[in-house]
Amino acid sequence: MNRFRKPSRFAALVAFAAAGLLAAGPAAAQQGKLKVGLMLPYTGTYAALGTAITNGFKLAVEENGGKLGGREIEYFTVDDESDPAKAPENANKLIKRDNVDVLVGTVHSGVALAMSKVARDNNTLLIIPNAGADDITGPLCAANVFRTSFSNSQPGRAMGKVMAEQKKKTAVTITWKYAAGEESIGGFKEDFEAGGGKVVKELYLPFPQVEFQSYLTEIAALKPDVVYAFFAGGGAVKFVKDYAAAGLKTTIPLVGPGFLTDGTLEAQGESAQGMLTTLHYGDGLNIPKNNAFRAAYTKAYKVEPDVYAMQGYDAAQLLVIGMNAVKGDTSKRADLVKAMEGARIDSPRGSLALSKGHNPIHDIYLRKVEGKENKVVGVAVKNLTDPPRGCKL
Ligand code: PHB
C-alpha cells in the first residue's frame, strides 16, 4: 500500500521529463517526423500514374538524405480511385485522422478540386503533382495550395498553335467529359481558332469509359484535317491502339497533349509511332538534370520515368525548398509559403518557376514518338504561363 503514497523515483523522472518537454514548447514537437499524406490513384485507369508520382516523390526525398528540413518522413497513403465522390472523405481521413502536415495529390482534376477545398477549409499545405484543373490556380487559388505539374489548358494551347501553324483547317476533338478533358480541349480550341483553324466537332465520353468504336466511325465520316484527343493512362493506351486499328492513323493525324503517349509507349507499340504531342517534358531532353534524374530513377525502380514521375519528383523538390527555409518548423507557415513561392526549381523539364497562383511557368515542348521515346523536336511555346484568371493572392 505504501508504494502509492509517495511518488516513485520513476514517476518523478517521468514528470521531470514531461515538464522539460513542455518548457521546450512547439519547437521540440517540430523535431518529430514530418507526416506526408499521399492521396493518389493506385487502382483504375490512372493507377500507373499514381505509382510513378509516388516513386518520383520518394526519390527526391531520398536524394535529400531521406529528410525534409532535417526531419524524417512518415508517409500515409490513400488510394483515391480517381473517384471525386470519395475525395472529401479520403482527404479528411489524412488531415483529421492521420494529422498529416502536408498533403500530396492527386492525378484526377475532379478529385483534386474536392481535395483542394478540404485543404483550404483546414489550411493544410497541399502540393498537386498532376491534376491540372485550371481553377485551382485561378479563381480558387490559395496560399496553402501549390502545383508542380501544369494546368490543363497549357499543353492544349501549345498544340492548337502548332496545328494552326501547320495550316490545318479543321479539327475534331475527343475526350472524357470532366474538367481535365474539357479544359485541354478548351486550350486547344482557343489557340487553334485564333490561328485560323476551326474545331468542327467536340466528342465526349463519360470518364473512364473506353468504348471508342462509334466515335471512331463518326470521326471517319467527318474527315477533319486533324484529331486532338485528351486521354491518359490505360485509356490513352486503348484509344491510340483503337485509332490505328480503325485505319484512321494513315488518313487523319492524331495529336494531343503528351499524356496520350507518356508512360504508355511500351503498350501502344506500333500504333503510336510518329505521333506529335505537346508537353512540359520529354524523355530525351538532353539537360544534365534530366539525365541525372532518369539514371537515378531507372536505377531505383528498374523502369523508365515518365512525366508523372518527374512531377512527383518536383513536388518533393519544392517541399525541400520550403522545409529547408524554415529548418523543418512547419509552424512558420508564412515563411515556408514565401520560400516555395520564390522557388526556382532545377527540374528535369528545365528551369521551373511558379506563377502568382502557384502554377508552373515552363516551356511546352513539341515531341514526336520514335520507338519507345517521346523525342523532343522543338519548343512549341516558351515560358508559358496562365493568363491571370481571378487569383487574388
Ligand atoms: C487530370 O485529371 O487533371 C489529368 C489526369 C491525367 C493526366 C492529365 C490530367 O494525364
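Biologist: Before we start, what should I know about the numbering and the model?
Modeller: Residues are numbered from 1 along each chain as its sequence is written, and side-chain values use heavy atoms, with hydrogens and water left out. This is a predicted model, where local features need pLDDT of at least 70, side-chain atom pairs count only at pLDDT 80 or more, and totals for chains, interfaces and linings use all residues.

Biologist: Good. Let's begin with Tyr 42: is this residue buried, partly exposed or exposed?
Modeller: Tyr 42 sits in the loop between β1 (34-40) and α3; helices (H or I, at least four residues) and strands (E, at least two) are DSSP runs, numbered from the N terminus. Buried means under 20% relative accessible area, exposed over 50%, and partly exposed in between (1.4 Å probe, protein chains only). Because the relative accessible area of Tyr 42 is 24%, the residue counts as partly exposed.

Biologist: Which side chain makes a polar contact with the side chain of Tyr 42?
Modeller: Contact means heavy atoms within 4.5 Å, and, leaving aside neighbours within four places in sequence, Tyr 42 is in contact with Ala 47, Gly 50, Thr 51, Thr 54, Thr 77, Val 78 and Asp 79. A polar contact is a pair of N or O atoms within 3.5 Å; within protein, one must be able to donate a hydrogen and the other to accept it, and residues adjacent in sequence count only if both atoms are side-chain atoms. At 2.6 Å, the polar partner of the Tyr 42 side chain is the side chain of Thr 54.

Biologist: How far apart in space are Tyr 42 and Thr 77?
Modeller: Thr 77 is among the contacts of Tyr 42. In sequence the two are 35 residues apart, while in space their C-alpha to C-alpha distance is 9.8 Å.

Biologist: And how are α3 and α11 oriented to each other?
Modeller: Helix α11 covers residues 288-301, and α3 packs with α11 at an angle of about 105 degrees, with axes 11 Å apart. Axes are lines fitted to C-alpha atoms, for helices over the stretch in contact, and angles run from 0 to 180 degrees between N-to-C directions. Angles under 35 degrees count as roughly parallel, over 145 as roughly antiparallel, 65 to 115 as roughly perpendicular and the rest as oblique. The two helices α3 and α11 are therefore roughly perpendicular.

Biologist: How many residues of that contact are nonpolar?
Modeller: From α3 come Ala 52, Asn 55, Gly 56, Lys 58, Leu 59 and Glu 63, and from α11 come Phe 293, Ala 296, Tyr 297, Ala 300 and Tyr 301. Ala, Val, Leu, Ile, Met, Phe, Trp, Tyr, Cys and Pro count as nonpolar, Asp, Glu, Lys and Arg as charged, and the others, Gly among them, as polar. On that basis 2 are polar, 2 are charged, and the nonpolar ones number 7.

Biologist: Which residue follows α5 with a positive phi?
Modeller: Helix α5 (residues 109-122) has buried residues including Val 111, Met 115 and Val 118. What covers the buried residues of α5 includes β1, α4, β4 (102-104), β5 (125-128) and α7 (179-194). With phi near 55 degrees, the residue that follows α5 is Asn 123.

Biologist: Last one: is Asn 383 buried or exposed?
Modeller: Asn 383 lies in strand β15 (residues 373-384). Its phi is near 50 degrees, a positive value in a residue other than glycine. Because its relative accessibility is 51%, Asn 383 counts as exposed.
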